[in-house]
Amino acid sequence: MISGRPVLEMHHIGQVFPGVVALDDVHFDLMQGEVHVLLGENGAGKSTLVKILSGANPRSSGQILLDGVEVRIETPRRAQELGIAIIYQELNLIPALTAAENIFLGREPRRRSGFIDQKRVVTDAQSLLDELHAGIDASRRVCELSVAQQQMVEVARALSLQARILIMDEPTSALTGQEIGELFALIRRLTQRGVSVIYISHRMEEIFEIGERVTVLRDGRHIETRPIAGTSREELVRLMVNRELKEHFPKVRVEPGAEALRVEKLSRRGVLEEISFTLRRGEVLGIAGLLGSGRTELARALFGADPVDGGRIFIKGKPVRIGSPRDAIHQGIGYLTEDRKGQGLVLNLAVRENICLASLARFSRLGWVSRTRESNAASGFVDKLRIRTPGLGQQVRYLSGGNQQKVVMSKWLCSESRILLFDEPTRGIDVGAKVEIYQLMNKLAADGAAILMISSELAEIIGMSDRVLVMCQGRIAGELSAAEATQQKILNLALGGN
Amino acid sequence: MRVKSLFLQHGRQLTTLFVLILLSAALWALSPHFMSLSNWLNIAQQTAINAIIAAGMTFVIISAGIDLSVGSILALSGVVMASALQAGAPVPLALLLCLVVGALCGSANGLLIARGKLPPFIATLGMMSVARGAALIFSDGRPVSGFAPGFRAIANGEFLAIPLPVWIMAAVYLIAHLVLSRTRLGRYTYAIGGNEEATLLSGVNVKLHKTLVYSLAGLLSALAAILLTARLNSAQPIAGMNYELDAIAATVIGGTSLLGGEGQIFGTLIGAFIMGVLRNGLNLLGVSSFVQQTVIGAVIIVAVLLDMMMKKRRS
Ligand SMILES: Nc1ncnc2c1ncn2[C@@H]1O[C@H](COP(=O)(O)OP(=O)(O)OP(=O)(O)O)[C@@H](O)[C@H]1O
Ligand SMILES: [Mg+2]
């Protein structure tokens, strides 16, 4: 439902950070009721652009017009007043508060006495969450929710603002197909009411499903704005990365070698139920399942991050006891967590320091760290994964989301673990870099590493796995070979059918 | 360009240094005595004790902790050492004993925090009381005094015309700097303070390193006890009262964030000097100790405010 003139126009937008020109003379406009997609590689400047609108980047240059009137957005509060709501790429919830308290933080409905109307906070929040069919109890604390559920809470919070411009910076990076469907249905309802949406995502199929126009950024510059209808995926990718990308899943199959990891009846009350499987060298084992099916819990249990109630773990055929992440790492296991900000990165340490954090012992003698060897290793990964950073000494907090993800990935590649547990390894990573990561996985497998890959992206699971385990309610609902695995079969199993 | 990158890297320390220079200039204008070599050596000597404790505090605060027990640990290790000296123990042995007592108290803190999962504030608040009580029990509440000249030389000896405590302080800071910037312990201290969960999930022995950090703080308190006892020629069970506040102040003025994960050791040294210079200058000006107290408090607040404003400007 696009109509009339733009509700929002941005002209000659520029933003400079120390050592980085994040945006250079960018133009952007948004029609009423439109879903306008922002597309670009990791570090292209998408988040920076929308943060200017949300008042989080007040030091930008250029002109912003709302309904043709020039505005200055200096604080997040001002943005709210202007009817702009944003869902940031990184989760910004307060873990110790409930979902409801987070949704209404700073805008709590009050009773006449001046106290917060706790009942209304919960009921209003619950109805927002229900509108999303999120299946989340609004009175649960956020720290008990999974990353995907937290993303739903973020969406609900943005909705509660009743904004006329809604910005979503990778809202679906941890969601599975069904939740994405709910979200899209909701976006359609909103746009029908005249709300305009700026949508950022690296999942290309979403863009075609929900977007009306697309603006491509590259290296902080505006490349093109065009309607999505009539544009092919290949064209968009080329505009984005400025080179030809042939295959999206360049899977190379390796003859599986000896057994690397065997799990027998691993259980944790209420979370995992008698999980058994084998993982061999050279193999990529995909783990699919819905939100809350126990995928992440399985990885955490294998890594010693959570205690288990029963079951046995064998590595190279020998029984092992894994009581802590340290034990796991000694056994050659690495775990790339799904929550990069909370569990993957030390934001105020440098790129180099984060990459080497899990393997510092290798770069030091008698406790003394060799910076040269550390830098050599780190710069290898920065080149290989094309991490966009002004230097190895840059604090990771200043990297774009996708580049942060590449740093976490590098940390585990650097640790030279032979059994890798990847939990949403390509979350927030652009199409070009994804292919590079898949190629790296191929190479790891060819070198005899064993990979367990959890992913919410079914295409990725199907495209990159040698075998797929589907989880449902803490159990393994079924196993599919690469040849058998189709979206439909996986979904059936994930929903508890067969 | 070099200047710019220097500023980006060490901007925070340069601001603190600038405050110190400004303060010194003001005091010089007010009291010509201030800018003499002997006065500066005096300041350095008086700053040494706080600075040494603050070095340990900096490690603790970077790891996102706090240590309230440093003053009490100083008192306890001081009276234990003094009693050993009086009982005729050779000086090196007494010094070693002192350092061991300090390190043990520190590791007790560390174990309570890392293994017992107590909040650092609570664990060290308890230790503050326990160690103080132990010092009083051990010494019967009386000062232990009168030592051989060999021991007292630690405080009044000189090397190249510079008092030994100043040398010791310099050595502590040099080593602390190297440990923080070049060793695994240092790296893990920042990492734990920045994101303990991520550090743990990277396979770092978080418990061990936390314990080491608190042990180090205890050890440095004991080192300060040696200097103080030698200077006063007496060990007091009530020594070191409020020293934790001075150490925290020096650390925070020096730019270390109480939230952890950030900070530079030389910032703390400058912070300790700001406090030392201020005390010395106010003394020279004949300002009463009551007023001094107020002024120092105000300076702490202004210094931190200034820093936060600068930080905002830069980001
Ligand atoms: N506060 C900051 N300080 C320094 N550099 C920054 C800051 N914020 C962003 N940058 C840099 O600006 C560039 C653009 O970042 P931005 O976050 O906008 O990328 P993005 O397009 O959202 O990428 P992604 O897809 O990875 O999320 C990056 O090179 C990033 O490192
Ligand atoms: Mg981004």
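On a 1 Å grid over the protein atoms alone, a pocket is an open set of points with protein on both sides within 12 Å along at least five of seven lines, while a cavity is a set where a 1.4 Å probe fits but cannot get out; lining residues have an atom within 4 Å of a point. Points are joined across faces, edges and corners, and a volume is the space filled by probe spheres set on them. This is a predicted model, where local features need pLDDT of at least 70 and side-chain atom pairs pLDDT 80 or more, but totals for chains, interfaces and linings use all residues. Residues are numbered from 1 along each chain, chains are lettered from A, and side-chain values use heavy atoms, without hydrogens and water.

The volumes are as follows.

| Space | Volume |
|---|---|
| Second largest pocket | about 910 Å³ |
| Largest cavity | about 110 Å³ |
| Second largest cavity | about 80 Å³ |

The second largest pocket has 36 lining residues, and nearest its centre lie Leu145(A), Val147(A), Gln150(A), Asp339(A) and Gln343(A). Its lining comprises twelve nonpolar, ten polar and 14 charged residues.

Turning to the cavities, five reach 30 Å³ or more. The largest cavity is lined by 15 residues, with Ser173(A), Arg203(A), Thr426(A), Arg427(A) and Gly428(A) closest to its centre. One nonpolar, seven polar and seven charged residues make up that lining. For the second largest cavity, the lining has six nonpolar, five polar and no charged residues; among them are Thr176(A), Leu290(A) and Ile490(A).

Here nonpolar means Ala, Val, Leu, Ile, Met, Phe, Trp, Tyr, Cys and Pro, charged means Asp, Glu, Lys and Arg, and polar covers the others, including Gly.
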